[in-house]
Amino acid sequence: MNKVSLRSIRIPSKYLRIGGIVILSLIAVLLIGGIVAYNKREFLLEKAIDKAVRKAKNDYNLNVKIGAARFEGLTTVDFQDISVVPQDRDSLAKIKHLSVQVKLLPLITGDVKLAEVALNDGHITLIRKDSIRNYDFLFRKKGTTSRTSKKVDLSVLANNLINQVLYKIPDNMNVRDFEVSFTDDTSSVNLYTSTATIEDGQVRSDIQVNKAEAQWHVEGQVNADDQKLDLRLYADGKKVELPYLEKRFGLKLNFDTVRTQMKDVKRVGDRLVIQGSWAIKNLLINHPRIAANDIIVPSGSIDADMSVGENYVAIDSSSVIHLKNVKANPFIKYTLSPAKTYELKLHTEELDAQEVFDAFPVGLFESLDGMKVSGKLRYDFNFFLDSANPDSVRFNSTLDQRNFKVLQWGKTNLEKINRPFVYTPYEYGKPMRDIVIGPSNPDYTPINEISPYLRNAVLTAEDPSFYRHNGFVMESFRKSIATNYKEKAFKRGGSTISMQLVKNVYLNRQKTLARKIEEILIVWILENTDVSSKQRMFEVYLNLIEWGKNVYGIGEAARYYFNKQPSELDLGESIYLASIVPRPKSSLYFFEGDGSLRPSLRGYFRLIGGLMARKGLAQPDSNVYGFYAVRLKESLRREPAPIDSALMDSLILEEDFDMDHEGFLRSIFGRPRKDTTQVNKNNRKQVPEIDTALTPAEKRRERREQRRKERQEKRDNGGGGF
């Protein structure tokens, strides 16, 4: 094949002359246009300002006034006496002097990039009085049109937003005497900076908080052209505090230093990838829903790779969380369409167990403080929820161990469960009485002296796989998540007997996030070491749980209701006692005046008794498994006192048995399928009239649900977790 060199190609001189003329003409036009624009720049500026003022008024109901505006040179505009006042609201902003210089080359292509900004004597005042705010315009929606709105690509939106923000960061900035304040009905915040500068990308700002209450500093670097920034916030000789959060939300939060970096922004195919990191030193958090005391994180950081696609936002699994010497890889993804989905994963490599315990934030898990351990740990968590199909939720949490041992107990010795100890139950935050869990208490009953019917009824109702699982049943958690998501409220829990036991023996009764996580950790330690046997755990559980108003332990319960010893309880009495474990305060409600059980409990007896019979724990019984033989002792046979209507609504009604894989829990905790009550003139619900005979359809449904329950129990045979 012949090669053709550029030298062999000759362009006719005629075309060269034409090209030269065109180029010179374009240059001439640009020069003429530039000269005209320069001469007319004050007129053009006046028109642009007038258009902006009218747009602010029409679109946002803002009254914008500018005392004077003029060009300084070719690309610098100088403004004097700017004010922004929303219609019928308090003044929002006042600026004495503002000078803005834009870059010329990007301006030619339609991009507005700032070269220099100077501001003197500026005030921004945000005010909220009752429900009236002078910044309502920020949330004002523009009118809709008849045309269908175009689908928004999140990656494009994010890219445009980042560019718009970075373009507004000038190469050089000099701000003097600038104040931002916020005031509402209960509190106020004032931030004042005497100087804030950017010089050749170096950022420096001093911020005075609430009239010298604190002095903050912002330092770092910013490079808008390369889409990079590195900023650090800290205070003079003390922590950075956010008192407004504490006043407004009860959240106490402070820290020594926080640092944020944006390292790179790039398009990869159809997604936008943002690489950055965030780090914090000596973070302190205190909120009554998180923990009862201060939680301190000495150091923590995340190196994050964020991806933004057409319809999702995600933190990639290549990201790394650092907590002292512990590293973990998170994956978080939120998808908007076609249905909202939520995905969360967390993975660690094999870690030194002691380093894991040392990484726990100070004050988070009080009972584990000071614990010494050995061995290796590895954690994996996987969660996925499709809002269009919540029942398909995935939930797996596994904490694997290799040669894990406890060398020294911390603040709480978990071995106390193996010997007599004092248990103090609480109600409404107040201690009821001290109960000895041991032989010195005449009501304490060893497990081999408790009726097998009672033991098996409680296991069947509360935790059928207790002796097989390792403290957690993943399927129960999955069902709980699905139910609570669909109900948009906490309607169902997933606690095992192990978790209930730990909550009572080792932890305070405060309902906080920290206490719940601590409960899970202690259960894992109990179930994965030789701290105690399952038999001992179940024995302690039966001897300390509440069985009625100020009735604790099976010894007290058997005597209180039936004047019997725990070994003497028959099948019917045992099923009844199992039924009140989740709702002990309502125990006497289920009895008629003559001491017999109300018909509303028959469905429960059929379910639990039937399950026990199928496992060989009771004889098949066509007489509802001892239901008709149960009799409350005579001294308690009286009409029960009226109870709160909210509690009445939650009690078990035979026709409300809508059983699923864990129907016995749903019947106790779940919302009734239909309301058959009548409301009297005082707007209090009355007990409905109940047809005690089951229809053929109800009987078939009951049999189906019993079979499903049995299949569920097979799947619950231990399943790994935590």
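1. A term to begin with: helices (H or I, at least four residues) and strands (E, at least two) are DSSP runs, numbered from the N terminus. In those terms, H287 is found in the loop that joins strand 14 (271-286) to strand 15 (295-308). With a relative accessibility of 17%, H287 counts as buried, because buried means under 20% relative accessible area, exposed over 50%, and partly exposed in between (1.4 Å probe, protein chains only). Leaving out residues up to four places away in sequence, H287 touches F249, G250 and L251, where contact means heavy atoms within 4.5 Å.

2. A friendly word on the source: this is a predicted model, in which local features need pLDDT of at least 70 and side-chain atom pairs count only at pLDDT 80 or more, while totals for chains, interfaces and linings use all residues. Residues are numbered from 1 along each chain as its sequence is written, and side-chain values use heavy atoms, with hydrogens and water left out.

3. Now the overall picture. The protein has 17 helices and 30 strands, and 43% of its 722 residues are buried. Of the contacts between residues at least 6 apart in sequence, 58% join residues at least 24 apart. The accessible surface is about 39600 Å², with 54% of it belonging to carbon and sulfur atoms (Shrake-Rupley method, 1.4 Å probe; for residues, only the protein chains shown count as cover).

4. On to the cores. A nonpolar core is a set of buried Ala, Val, Leu, Ile, Met, Phe, Trp, Tyr and Cys residues joined through side-chain atoms within 4.5 Å. The largest has 97 residues, and W547, Y576 and L577 have the most contacts inside it. Helix 10 (residues 513-528) supplies the largest share of this core, eight residues. Beyond its neighbours within four places in sequence, L577 is in contact with L454, W547, I554, A557, Y561, F562 and L569. Apart from this core lies another, of 26 residues, including A158, W216, V218 and I280.
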